[in-house]
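Subject: Structure handover

Hello,

Here is the structure I promised to pass on. Please open it next to this email and follow along.

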Protein chains: 4
Amino acid sequence: MSEDAISTARPGRPRSEKTRLAILEAAADLLLANGFADATIEAIAARAGVSKVTIYKWWPSRGAVAIDAYFHRFLQTTVFPDSGSTVDDITSQVLHLIETFRGRAGEVMAELLGQAQLDSALSEVLRERWLQPRRALSTAVLQRGIERGEIRSDVTVTVVLDEIYGPVYFRLMTRLHPLSDEFATELVRNVLRGVAP
Amino acid sequence: MSEDAISTARPGRPRSEKTRLAILEAAADLLLANGFADATIEAIAARAGVSKVTIYKWWPSRGAVAIDAYFHRFLQTTVFPDSGSTVDDITSQVLHLIETFRGRAGEVMAELLGQAQLDSALSEVLRERWLQPRRALSTAVLQRGIERGEIRSDVTVTVVLDEIYGPVYFRLMTRLHPLSDEFATELVRNVLRGVAP
Amino acid sequence: MSEDAISTARPGRPRSEKTRLAILEAAADLLLANGFADATIEAIAARAGVSKVTIYKWWPSRGAVAIDAYFHRFLQTTVFPDSGSTVDDITSQVLHLIETFRGRAGEVMAELLGQAQLDSALSEVLRERWLQPRRALSTAVLQRGIERGEIRSDVTVTVVLDEIYGPVYFRLMTRLHPLSDEFATELVRNVLRGVAP
Amino acid sequence: MSEDAISTARPGRPRSEKTRLAILEAAADLLLANGFADATIEAIAARAGVSKVTIYKWWPSRGAVAIDAYFHRFLQTTVFPDSGSTVDDITSQVLHLIETFRGRAGEVMAELLGQAQLDSALSEVLRERWLQPRRALSTAVLQRGIERGEIRSDVTVTVVLDEIYGPVYFRLMTRLHPLSDEFATELVRNVLRGVAP
DNA sequence: CTCTAACCGAGACGGTACGTCTCGTCTTTTG
DNA sequence: CAAAAGACGAGACGTACCGTCTCGGTTAGAG
């Protein structure tokens with residue numbers, strides 16, 4: 001959708017990178033300012049100085065624009081060093097995630113996840129570009145833990161991943177309790193104790 | 001919102017219970033048939049043979065109607081017996097929940113939770129009338145577990161609750177992996193092993 | 001479409017006469033100011049302080065609104081007295097018509113007739129509400145002429161009507177030559193001489 | 001506009017005649033198939049396998065293309081012989097015209113005349129290239145009639161021309177009555193009787 | 001036999017208006 | 001006097017064409 005690195009010159013006027021960025025910036029601004037509800041295609045087009053058709057040309061729905069805009073602002077799949085301790089590594093990852101989620105980025109992510117429940121294409125994009133890359137990092141850490149003997153080898157890794165991330169997103173979306181550092185620390189400690197040999 | 005039990009005869013024509021039920025039935029039908037997106041106020045009014053104003057009179061938003069309709073169809077806070085084993089009790093509760101979530105009711109609940117991210121009043125209602133009652137039941141079970149010495153007394157109960165329900169709702173909303181019985185069983189076993197003394 | 005005089009009170013909020021008039025006035029203003037091209041539904045709605053849906057509710061197309069607006073401003077089927085002379089009576093009618101057509105009303109009528117070529121519903125309305133009533137008046141005059149013996153009884157009245165009005169509308173639409181009084185006078189004289197006994 | 005006969009070879013690639021014809025053929029096809037409304041610049045370009053810019057390069061508006069396309073298909077200023085009788089000569093011309101107008105060509109001409117009411121450049125082209133050439137032929141016939149003494153010398157020729165062609169175009173555009181041969185015959189007879197000495 | 005000017009296709013783009021949808025409010029008549 | 005019927009203003013939706021603007025590539029006469 002935007003990662004085209006095709007250098008083989010195609011006929012016709014090439015897509016304007018300036019326009020693409022203007023749209024993403026405008027959408028991100030609106031998203032952060034007033035949330036998803038106000039980030040309408042019309043508002044984005046107006047703010048970016050762009051025609052609606054141009055947006056529809058490249059994105060199938062406003063949800064898709066919103067996600068791209070969100071990634072444009074917040075995406076950075078931080079790579080964490082191997083500390084030698086599974087608990088510490090996972091805790092680092094979770095603390096980093098909830099740090100992001102405590103701010104405006106968390107509210108917007110909640111809205112995007114919410115919208116994804118009504119739009120399966122959006123759901124797909126979120127899974128592929130947001131959730132999976134983060135799970136992949138944690139999967140590697142858990143794998144190392146198993147190899148080191150810190151984690152039982154008969155556990156199902158995907159279940160453990162859900163035990164870690166499920167509660168985080170649950171707190172994000174239900175707002176029953178805050179995403180505090182204490183929560184993260186106890187969560188990871190409990191989970192890993194539960195899968196220790 | 002709909003549970004008014006005011007029996008003190010007020011002047012004027014009393015609220016029609018028939019109308020209230022017609023609205024809830026219509027909303028539930030639409031919700032199950034085509035999901036939240038199609039359960040518009042206009043569609044509900046048309047199907048219930050009721051005027052839009054009547055709906056607005058008693059519910060503040062279509063999300064509120066949807067939730068009432070959902071509860072009208074699915075709400076039954078099953079009370080589970082004390083089996084003597086914390087793992088078994090919690091497992092029973094979780095299995096019962098995901099059994100519900102595997103059907104159409106799960107898809108609709110996901111949509112409602114999604115919509116709640118864009119509507120804080122909805123979020124409130126979901127917390128109060130859906131999430132909290134179920135957590136209360138599990139809290140009691142966990143409490144018994146602590147008293148029996150099956151669970152360490154220094155754990156934070158709310159964190160454990162999130163460890164149990166977070167993964168369930170996470171799978172419901174992300175659809176990364178299925179809500180299978182095996183998942184539920186391993187999840188509860190892992191969690192409780194993690195908080196065992 | 002707008003001439004409903006149904007007094008049998010129907011349920012529901014009645015159509016707002018104020019709104020109807022606001023739409024017609026706005027459309028007429030725009031029509032006279034910048035012509036048909038500028039009298040878009042959006043512009044009419046904006047000027048009348050009315051929603052587009054309300055316009056679409058009562059008129060099927062902007063052409064239909066334009067015609068109603070035109071009639072709202074210009075419609076007055078003047079009845080002419082019987083002078084005793086067919087030539088004088090027809091000349092009076094034609095002079096009166098071209099008098100109207102020489103002004104802005106003529107340009108707008110030309111545009112409406114033009115638009116009617118692309119919209120058969122419009123064409124229908126123009127025939128029924130504009131052309132036919134005027135032809136009916138002239139038909140009566142010609143009939144009197146036949147009875148008096150001023151016109152041959154074997155002529156086809158519709159052909160004579162076309163001989164009178166055809167050239168008028170032809171000049172209106174082609175602008176080859178002006179709609180002068182001299183033209184009208186010579187036209188009617190020639191035509192009636194051609195059908196004299 | 002398209003009849004450039006400039007043979008003085010200019011530098012650069014010359015205009016492609018193949019392209020010009022492809023555009024006219026495509027436009028004519030669309031015009032006959034679905035009428036003026038569907039003969040959009042985009043549709044013509046797509047059907048001709050030509051870029052929009054190329055069309056805009058050579059024609060100022062879609063109306064202009066449409067007229068050129070119409071002429072490309074239908075234009076043939078038939079020259080009629082002098083039969084010695086003014087009535088017969090004019091009748092021949094009118095019968096030939098309405099013969100054309102009774103088919104699809106008539107509907108398209110009506111649409112073009114309609115569109116010309118909203119586009120003065122179009123109006124100009126229609127006058128110059130369609131109406132005037134035909135009037136010139138009839139003017140010659142009428143002139144001969146005056147010289148022969150069949151027509152009074154004090155009549156205004158342009159008025160008589162309007163008396164002949166006005167009713168034809170009036171019937172074409174209003175569709176009040178059909179363009180039958182009987183109509184044409186009676187029309188011409190009446191008109192010429194009206195200007196006989 | 002290259003240079004260069006014009007032509008041409010493909011297609012991106014800003015813009016205007018379209019006709020539709022749903023919302024939440026308002027205004028009547030009916031039971 | 002509640003409820004139904006339905007008119008209404010507001011505003012976003014997604015689409016259709018418009019006319020303009022790059023691009024890359026072609027085509028021919030002029031140097």
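A definition to start: a residue is buried under 20% relative accessible area, exposed over 50%, and partly exposed in between. Please also keep in mind that this is a predicted model.

Arg175(A) sits in the loop between α8 (157–174) and α9 (181–194) of chain A. Its backbone deserves a look. Most residues other than glycine have a negative phi. Arg175(A) is not a glycine, yet its phi is positive, at about 55 degrees.

Chain C has its own entry here. Arg175(C) lies in the loop between α8 and α9 (181–194) of chain C. The phi of Arg175(C) is positive too, near 55 degrees. With 45% relative accessibility, Arg175(C) counts as partly exposed.

**How the chains are arranged**

Two copies of a chain are related by a rotation about an axis and a shift along it. For chain B on chain A, the turn is 180 degrees and the shift along the axis is 0.0 Å.

Now chains C and D.

Chain A does not touch chain C, and their nearest C-alpha atoms are 17 Å apart. Chain B does not touch chain D either, with nearest C-alpha atoms 34 Å apart.

How do α9(A) and α8(B) cross? Their axes come within 10 Å and cross at roughly 60 degrees. The two helices are therefore oblique to each other. The crossing of α9(A) and α8(B) is right-handed. From α9(A) come Phe183(A), Glu186(A), Leu187(A), Asn190(A) and Val191(A). They meet Val159(B), Val160(B), Asp162(B) and Glu163(B) in α8(B). By class, this contact of α9(A) with α8(B) has five nonpolar residues, one polar and three charged.

**A helix pair within chain B**

Helix α1 (residues 17–34) packs on helix α2 (residues 41–48) in chain B. The angle is about 120 degrees and the axes are 8 Å apart. That makes α1(B) oblique to α2(B). The crossing of α1(B) with α2(B) is right-handed. On the α1(B) side are Ala22(B), Ile23(B), Ala26(B), Ala27(B), Asp29(B) and Leu30(B). On the α2(B) side are Ala43(B), Ile44(B), Arg47(B) and Ala48(B). The contact of α1(B) with α2(B) has eight nonpolar residues, two charged and no polar ones.

**Val157 in chain C**

Is Val157(C) buried or exposed? Its relative accessibility is 17%, so Val157(C) counts as buried. Val157(C) belongs to helix α8 (residues 157–174) of chain C. Beyond its neighbours within four places in sequence, Val157(C) is in contact with Thr139(C), Leu142(C) and Ile146(C). Thr139(C) is 18 residues from Val157(C) in sequence, and 7.1 Å from it in space, C-alpha to C-alpha.

Best wishes

Key:
Residues numbered from 1 in each chain as written. Chains lettered and ligands numbered in written order. Predicted model: local features only at pLDDT ≥ 70, side-chain atom pairs only at ≥ 80, totals over all residues. Heavy atoms only, no water. Axes fitted to C-alpha atoms, helices over the stretch in contact; angles between N-to-C directions. Helix = DSSP H or I, 4+ residues; strand = E, 2+ residues; numbered from the N terminus. Parallel < 35°, antiparallel > 145°, perpendicular 65-115°, else oblique. Left-handed = near helix turned anticlockwise from the far one by under 90°. Contact = heavy atoms within 4.5 Å. Nonpolar A, V, L, I, M, F, W, Y, C, P; charged D, E, K, R; others polar. Buried < 20%, exposed > 50% of the residue type's maximum accessible area, 1.4 Å probe, protein only. Least-squares fit on C-alpha atoms with pLDDT ≥ 70 in both.
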